[in-house]
Amino acid sequence: MLCSMIFVLQLTSATYSKAQKTENETLNLTSASYVLMEGSTGKLLCEKNKDKELMPASITKIMTLLLIFEELDKGKIKMSDTVTVSEYAASMGGSQVYLESGETQTVEDMIKCITIASANDACVAMSEYIAGTEEEFVNRMNQRAKELGMEHTKFMNCCGLDDTLTEGQHYSTAYDIALMSRELIVKHKEIQKYTTTWMDEITHVTKKGESAFGLTNTNKLVRTYQGITGLKTGSTSKAKYCLSATANRNGMDLIAVVMAAPMPLTRFVEAAKLLDYGFANCTVYQDENKDFVEQSITVKKGTKEKVGVEAEKPFSYIFTNGENHDKIEKKVQWKEQVEAPIKKGEKIGEIIYNYEGEKLGVVDLLASEDISRAGYINYLKKVLGQYFIVENT
C-alpha cells in the first residue's frame, strides 16, 4: 500500500547530528531546550534537547485553545455563547483578568483573555464550560496529546499554574509543544486574529457595575517580528521563561519553541533567531493539485463511462539548500484497469514527485463519485440508444 502522506527527505542520523551541531554553534542559544519546525510538513529544522521534559507554564494553554477551537468547529459551542465564571475559576492566581464569581463573558472574549493576556481564570472558566469540570477537560487534553504523538507530555491543569506541583507532574517538551502549536496554527488560522492583537479590552459587568479592563499581549514579538502569527508565552519560577512563536512568510509557516530561557527577554531574542534562521535557509514547494478538479478517466463495465478524479491532499516539501523548484518532476500513474463498481474515495492512481532522480513523495488520486457496475438493463439501454441514433441519421 502506497502512503499518501506528505513526505520529507530524511537525513542519515550521522549527517543530521553533524548538521545540528553546526546549527547550534551558529545560533548560540542559551535556552535549555528549543526546536524549529516547518508547519506544512512538520519537518524538524533544528533542535536542542527536543525531548527534555520540562514544566511548560502557560504554554499549556496552547492545548486548551486547540480544544476550544475544535469545539467551535464541531458546532458544540459558538463565539457568542455566554460563559458564567465559577467561584473556582475566579480563584485562580498568577496571570489573570480578575473575573468574578457569577460574572459572564462571551466565548470570544474568553479567547481574547487567554490568547492576549494569558488569563488563568478565563482558561479554567472555558474548561468548565466545555467539559463540566477542569479535571475532565484535562483528561481530554491528555487524550488529544496522545493523538498528536506528544509522547513526553502530561497535563495536570488547563492553564500551566505550577505553584503546588512538583517536577514530573505537569510537563512537556519543546518538540511536543511544536506539535500542538502546529495543529493549532495550521488548522485553525482564525486564531491569528487574537494572537496577533497587541492591545484590546473586555468589559467586566458585576454587582459593582461595568468597568473596562485592558488586555496587552504577553508576546512582545507581535510588535517587532515581520510575519508573526502568534502564539503563546509562559513563565513561572519553576519553568523559567518559555515561548512558542509562530510566523509566516512567503507561504511558509515556521514554529519556534524555546523552553527554560534564563531571562524574560532571552526567549523573544532566541525565538526570533530561530525564525530568522528558518526563513533564511528554507523554502517550501507547494502543489494544490488543482489541475485534477475537472479531470476524469474511463471506467470499464460501469453505469457511467467516466469517473471524476480528485487529489487526496495538497503536496508540500521543504527544501533547505536553495534547490530549484523548477526541477521537480510530477508524474501521474493510473491503475492498469479501472473497473466498476467504484466507491467515492477509492484510489485509482497516484502522483509521484521526484527531484533530480530522487523520490520526494506521493499523493493518491481518488474517485470523486460512486460508479455502479452495469447490468443487463444498462447494456440493453445503451444498445437501443445507439440503434435509434443510427436510425435517425
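Q: What makes strand E15 and strand E16 a pair?
A: In this predicted model, strand E15 (residues 347–355) and strand E16 (residues 358–367) are joined in the antiparallel sense over eight bridges; since pairing asks for at least two bridges between two strands, E15 and E16 count as paired.

Q: Where do E15 and E16 stand in the order of their sheet?
A: The order is E11-E12-E16-E15-E14, an open sheet of five strands with antiparallel pairing. Neighbouring strands of this sheet are turned against each other by 30° on average, with direction ignored.

Q: Why is one side of strand E11 and of strand E14 left without a neighbour in the sheet?
A: Strand E11 (296–298) and strand E14 (328–334) stand at the edges, and each has a single partner strand, so one side of each remains without a neighbour in the sheet.

Q: What makes strand E2 and strand E7 edge strands?
A: In the open sheet of five strands with the order E2-E1-E9-E8-E7 and antiparallel pairing, strand E2 (44–48) and strand E7 (228–236) each pair on one side only, and they are the edge strands. The twist of this sheet averages 5° from one strand to the next.

Q: How do you know that strand E8 and strand E9 pair, and in which sense?
A: Strand E8 (residues 240–249) and strand E9 (residues 252–261) share eight bridges in the antiparallel sense, where at least two are asked for; here Ser244 stands opposite Val257 in E9. Helix H7 (residues 174–187) packs on the sheet, where it touches strand E1 (33–38), E2, E7, E8 and E9, and the direction of H7 makes about 145° with that of E9.

Q: Which residues of H2 and H5 meet, and how do they divide into nonpolar, polar and charged?
A: From H2, Lys61, Thr64, Ile68 and Glu71 meet Asn120, Cys123, Met126 and Ile130 of H5. The residues of this contact divide into four nonpolar, two polar and two charged.

Definitions and conventions:
Residues numbered from 1 in each chain as written. Predicted model: local features only at pLDDT ≥ 70, side-chain atom pairs only at ≥ 80, totals over all residues. Heavy atoms only, no water. Contact = heavy atoms within 4.5 Å. Helix = DSSP H or I, 4+ residues; strand = E, 2+ residues; numbered from the N terminus. Nonpolar A, V, L, I, M, F, W, Y, C, P; charged D, E, K, R; others polar. Axes fitted to C-alpha atoms, helices over the stretch in contact; angles between N-to-C directions.
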